[in-house]
Each structure stands twice: as structure tokens, then as C-alpha cells.
Amino acid sequence: MIKKTLIASAILALTVGCSVPDSGKVITSEGAAFGKHGEIKVQTSTKDGQLLEINVIQQKENKVLAASVYTEMKDDMINQNSTEVDAISGATVTSKAFKEAVENSLAAAGVTLVAGLAKTNDASKEVIATEQNFDVVVIGSGGAGLSAAITAKNAGADVVIIEKMPTVGGNSLITGGQMNVPGNWVQKSMGIEDSIDIFVKDTLKGGDYLGDPEMVQLMAQQALPAAEWLRDYIKVDFYQDQLFQFGGHSVKRGLIPRNHTGAEWISKFMAKTDELEIPIHTRTTATALIQDQNGRVIGVEAEKNGQKITYMADRGVVMATGGFGANVAMRTKYVPELDERYGTTNARGIMGDGIVMAEKLNAKTHNMESIQTYPICHTDTGVISLIADSRFFGAIVVNKEGKRFVEELERRDVISRAILAQTNQQAYVLWGSEIEQIAETVKVHKDEFAELNRKGMMYKADSIEELADKFGVDKNALMAQVERVNQFAKSGKDGEFNHRGGLKPIMKAPFYMLVAKPSVHHTMGGLMTDTKTRVLNTEGQVIDGLYAAGEVTGMTHGSNRLGGNAITDITVFGRIAGKEAAAH
């Protein structure tokens, strides 16, 4: 496809008389490359070997993650007159494709950029005030940080968010975005019986009763108000007729955002921060917490472009920096098995910085050895497979031998360990049109399908036998397994693994299959906090002025976080942290 695009671009260049650079003339051409969600096509304009402009004319990348690629990275190329610029951390696939597309455009036009023609107005060199004063400083721009900042602002506080990455959202942006809420409005419309008590029991049991009961109870009680706040104030668009039932949950209770991704609610959060005029300082790395003579946290030391900045916080600092799933050294400190052999579903910046900073103030950590893997991830990148959410609607998981080996709605850790015990430490997810008509995961995540299909990691076929041949799965055993599943679906009882959601038939084409393996997903351990999100020290005392919410904390999930509970956790406790910080 890239070769075809190059040829087409070259023909276009010839057509407009730009195949050979003419002195003094502007040369325009096009080029393309594949990003994470499809083709990125750009148009470049050059004159006498100098890059004048880059226009993105086609792209389907995540609009929040890709924003800095099409602004900062583009400006760097023009300012330096070179495509050899730094990629945007956290958006490396999009960065690589953007760079290739620009280079393909230049090649199609026969243009070589001339060294020494770089501009001198590099915006990254701008100097900002070395001391800044706010009521509340929030570290981290994921769901917890954004919830805290907006709540604090509405409570009358002057708020700033500092974010070390060039883009906002953290892990919240790249999740499926589902949120468990007992007694929610969709459950009521679907006639599903649920309660706070059932949710609490599921969550505590799912974490082997190592989660703090008081924190879990608070999360459950505040889940519905938090979800209504997201729906009515933040304007998150939830599906009105569909729910997820993640592994470990007794009933369907997971609200689903539009397009099944965290991009829906992060983009709505961003719109609200713009409306409220909450500044977000990206590429700004918090390096230390500042205390006064009484031990109260009164600010944050940070660094941006080599410049040191002090953010003073009159009322409080909210730590919302996420966990440490992307930090191999830190996670192997607690679980040696989870070394570099494992990929991670985490955003690149999830390195445990906040935990380390707080520990220097004698903050106490809890449950650090509890690290979760997500069972169904891409085998090459480790990224979570959203298209495989078909599993929650009846898709089955089989091994190379064509057999089921675990209940598809079991806990994440149980499924992950079961997959790692199979041939090649991987599994295959299979479903047909009956399930797809309900789940619509291929329809919703068509770009992911295109990417996986291009890489030979997922196929669509008119027969299950064809899929088995493509992946080298035992065909006869798989057909026998599917026949048993269809019988179980008809009888309403899974005779193999007691599927708690009820198996669905897999009889109608087209059929879908993808290959997957586990990746490090969530760190349940972190800072010890109380019900007001105040961080505690090793003596169990409150560290005045310091609050924490989200995956940086370690009190809620116990040994294992149930799917859909992270969004509930970060929204509920993010709002509490914002309220408490603003009040003090």
C-alpha cells in the first residue's frame, strides 16, 4: 500500500511539474504510511530544499494522543528542516508513521532537505515563570487528575495540572473506558437487579479480601453519583442499551462510553477544562514535593525543557500519577517474574514517579506486590486488545490444541496464568456473527481489526476450519469444541467451565479469530490513603497537604482488580481528592 501511495505521489508530482526541484519554486507532494489506526497521509511544501509546511490530509489516530504529533513534531521538523526529530513519547507508533509519511512525500517529489536551513524560532525554548502560585496543584492528567482538578475548580480553587508527557490522558485514555456502577440507569432499563452490597462483595472477593473494606464501600456508594456527574456535567456519552459484565462480577454493571474507549471521556474532560480555564502544563515533570517547617506539603518542584519551576500550592497537592506497570525495574523489585519478557498495556509514562516522590516524605505504601496482567493483549506490542472484548459477550478462548482451558469470564489473573500455561504462552479468541451482532467489537474497532489483520494476528473467514488453518490450530479438535459450546449454549449450561454469563452459539459466518497473550496491566499497590484521600506516613499519620487518587494508591483492589473498577475508582476518589484539597 505504501509503495502504491509513493507511485501515486510521484505521478502527482510529475503532473504538476515538480519531479525535479526547480530553484525558487514551491514543490508540493503527498506521501503516506500506516499508523496505529490506519493510513496517515500528508502533503508537504518545500522550496530550495527547505521544508515550508506539512499538512495532514488524512488520519484516523487517537485524537488526544496524536495531537502533539501533528503540532509539536510537525513544528520540530519545519524548525529543524529535518525529519530526524524526537518522537512524541506515548505516541511512538503514530510518530513513526508521521515521519515516514513526510519522508515518502519528500521522496515522491525528489526533494532532499538542505542542512543548515533550520529556523531559529523553536517554541520549545520559551522561558516560563520559575515560580507559579495556585491553590491546588494536581500532578497527572489521567481520569483521577482531571476529576480532581475540575472538582477543585468548582469548589472555588485556583488549579493547575502538571503532566510530564506531551499528551494528556495517561492510562485512562487508552482503556476501554467501561465503568462499573451498581444500580445504574441502564441496569434499570434492562431489568437487571444489582446493589451496592453485591458490588462490594464482588470487589472484595475478586481481590482475595485484601482490599480495604471501608474504601471499597465508599467507592461503591459513590459510584452512581460519580457516573451521573460524568454523564450530566462532563457530558460523557454512555450507551443506553448495553452493559459489560467483566470477569468476577455477578451481574452486568459496566457502563460503556461511546466507541468503547477512554478517548470519549478524556476528550470530554478536556473540553470541560477548557471551559473552566484550568491550565494544563504538559512536558512538565514533577521532581519533588515541597514541605514547610511543619511538614505540610506546600508545593511541587518540576522541570520543563531543562528549566526548574516551583509550583506553590496554598491549599494542597493531589498526586494522580498512576501506577508503575511500565517500569520494569520497579515491578520486578516486587514481582521478579514480571521482567522485560512481558509487554505492558500501560502508557509509556506510567513509571511510579508519584510513589517514589511521596516515599521520600516517609509516605507508606501498601500491597506493592499485587501486580495484575491483562489476559488478552496484542502479541507484538503488549497493548490491550479492545476488539477481543467480544469475550464478554460469549466469544470463547482456546489453545493451540483447539480446546477451551478456562472460563472466559474468570478473573484476569486466573485467565492470564492459564494462558501462560498453554503452548507458546498464548491463546486464540473465536466468535461468529451471532456474537458480533451483539458485541459489535469488529464494527466499533475496525481500525484495530485492519491493523491486526495486516500483521497476521487476526482473520475473518466464512468457516472456522479456514481460521484454524491460518493459525495452525488443531482443526478437528476446534470443530469438536465449537460443537460442544453450541450444545451448551442451547441447554443454557456450560458443562466444561460453568460460564457465568451464559455461552452463545458460534454457528453463523463470518467468523473471527485473533491470537493474544497476557501483558502487565495494573499495579494494585501504591500509597496508603484514608477515606478523604489523604496520604499517610509510615506511622499511620496524615501527611498534611498531600492527597492521592487513582492507581498511585494501593487501598482498593486487593490482590486483583476486577475489570471496569478502575474507572469507578479514579472518578470517585479523584472527585474526593479535589474536594478535600480545595477545602484546606
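Axes are taken here as lines fitted to C-alpha atoms, for helices over the stretch in contact, with angles running from 0 to 180 degrees between N-to-C directions; helices (H or I, at least four residues) and strands (E, at least two) are DSSP runs numbered from the N terminus. The model is predicted, so that local features need pLDDT of at least 70 and side-chain atom pairs count only at pLDDT 80 or more, whereas totals for chains, interfaces and linings use all residues. Residues are numbered from 1 along each chain as its sequence is written, and side-chain values use heavy atoms, with hydrogens and water left out.

The axes of helix H8 (residues 213-234) and helix H9 (residues 263-276) come within 11 Å and cross at roughly 60 degrees. H8 and H9 are therefore oblique to each other, a class that holds the angles left over when those under 35 degrees count as roughly parallel, over 145 as roughly antiparallel and 65 to 115 as roughly perpendicular. In contact (heavy atoms within 4.5 Å), Trp 229, Leu 230, Tyr 233 and Ile 234 of H8 meet Trp 265, Lys 268, Phe 269, Lys 272 and Leu 276 of H9.

Thr 273 also lies in H9 and, at 0% relative accessibility, counts as buried, the term for under 20% relative accessible area, with exposed over 50% and partly exposed in between (1.4 Å probe, protein chains only). Residues up to four places away in sequence aside, Thr 273 touches Leu 146, Ile 150, Ile 278 and Ile 280.

Elsewhere, helix H3 (residues 92-109) lies across E1, E2 and E3, running at about 145 degrees to E1.
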